[in-house]
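Selected residues are treated in between.

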Amino acid sequence: QVQLVESGGGLVQAGGSLRLSCAASIRTFTGYTMAWFRQAPGKERTLVASLRWNGGIAYYADSVMGRFTISRGNAQNTVSLQMNSLKSEDTAVYYCAARLTGREKYDSWGQGTQVTVSS
């Protein structure tokens, strides 16, 4: 498993932006698929966006399409989530996750970072 640490959460007004970052204990995410999940109070954890490191193929949930962007960070072992036009329904704990591409389940998780959007 990979150790993941998220940063960048906080409180923002609706319509604002935040950028989340995730750093790993390995030197590179080559061979991995990285993802951001979120969990709102009383709700299940859901996939927000994912990025296949080799080839740069990205996926977005419908609810964030056009507003959020998942991308490689400046280092080969960081991944970011740029969140624009934030809405109150984006309020949740956001988790970074990793799996080896080809495996079904994400088996490495960060501790989560709180994002709160005030209306």
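## Pocket, residues and overall form

Arg-38, Gln-39, Ala-40, Pro-41, Lys-43, Glu-44, Thr-46, Glu-89, Thr-91 and Ala-92 line the largest pocket. The model is a predicted one. The volume of this largest pocket is about 180 Å³. Sorted by class, its lining consists of 4 charged, 3 polar and 3 nonpolar residues.

| Residue | Relative accessible area | Class |
|---|---|---|
| Ser-50 | 10% | buried |
| Tyr-106 | 15% | buried |
| Ser-85 | 40% | partly exposed |

Ser-50 belongs to strand β5, which covers residues 46-52. Because its relative accessible area is 10%, Ser-50 is classed as buried, the cut-off for that class being under 20%. When neighbours within four places in sequence are set aside, the contacts of Ser-50 are Thr-33, Met-34, Ala-35, Ile-57, Ala-58, Tyr-59, Ile-70 and Tyr-106. Ser-50 can also be placed relative to Thr-69: the two are 19 residues apart along the chain, and their C-alpha atoms are separated by 9.6 Å.

Tyr-106, one of the contacts of Ser-50, is located in the loop that runs between β9 (92-100) and β10 (108-109). Tyr-106 has a relative accessibility of 15% and therefore counts as buried. With residues up to four places away in sequence not counted, Tyr-106 touches Thr-33, Met-34, Ala-35, Phe-37, Ser-50, Ala-97, Ala-98 and Arg-99.

Ser-85 sits in the loop between β8 (78-83) and β9. The phi angle of Ser-85 is near 50°, which is a positive value in a residue other than glycine. Ser-85 has a relative accessible area of 40%, so it is partly exposed.

The remaining values describe the chain as a whole. The protein chain contains 11 strands and 0 helices, and its pattern along the sequence reads β-β-β-β-β-β-β-β-β-β-β. Its C-alpha atoms occupy a box of roughly 40 × 25 × 25 Å along the principal axes. How does the radius of gyration of the protein chain relate to that of a compact globule? For 119 residues a compact globule would have a value near 14 Å, and the 13 Å of the protein chain agrees with this.

Of the 119 residues in the protein chain, 45% are buried. Contacts between residues at least 6 apart in sequence include 54% that join residues at least 24 apart. The protein chain has an accessible surface of about 6,300 Å², and carbon and sulfur atoms account for 47% of that area.

Methods: Residues are numbered from 1 along each chain as its sequence is written. This is a predicted model: local features need pLDDT of at least 70, side-chain atom pairs count only at pLDDT 80 or more; totals for chains, interfaces and linings use all residues. Side-chain values use heavy atoms; hydrogens and water are left out. On a 1 Å grid over the protein atoms alone, a cavity is a set of points where a 1.4 Å probe fits but cannot get out, and a pocket is an open set with protein on both sides within 12 Å along at least five of seven lines; lining residues have an atom within 4 Å of a point. Grid points are joined across faces, edges and corners, and a volume is the space filled by probe spheres set on the points. Ala, Val, Leu, Ile, Met, Phe, Trp, Tyr, Cys and Pro count as nonpolar, Asp, Glu, Lys and Arg as charged, and the others, Gly among them, as polar. Helices (H or I, at least four residues) and strands (E, at least two) are DSSP runs, numbered from the N terminus. Buried means under 20% relative accessible area, exposed over 50%, partly exposed in between (1.4 Å probe, protein chains only). Contact means heavy atoms within 4.5 Å. The radius of gyration is taken over C-alpha atoms; the globule rule is 2.2 Å times the number of residues to the power 0.38. Accessible areas come from the Shrake-Rupley method with a 1.4 Å probe; for residues, only the protein chains shown count as cover.
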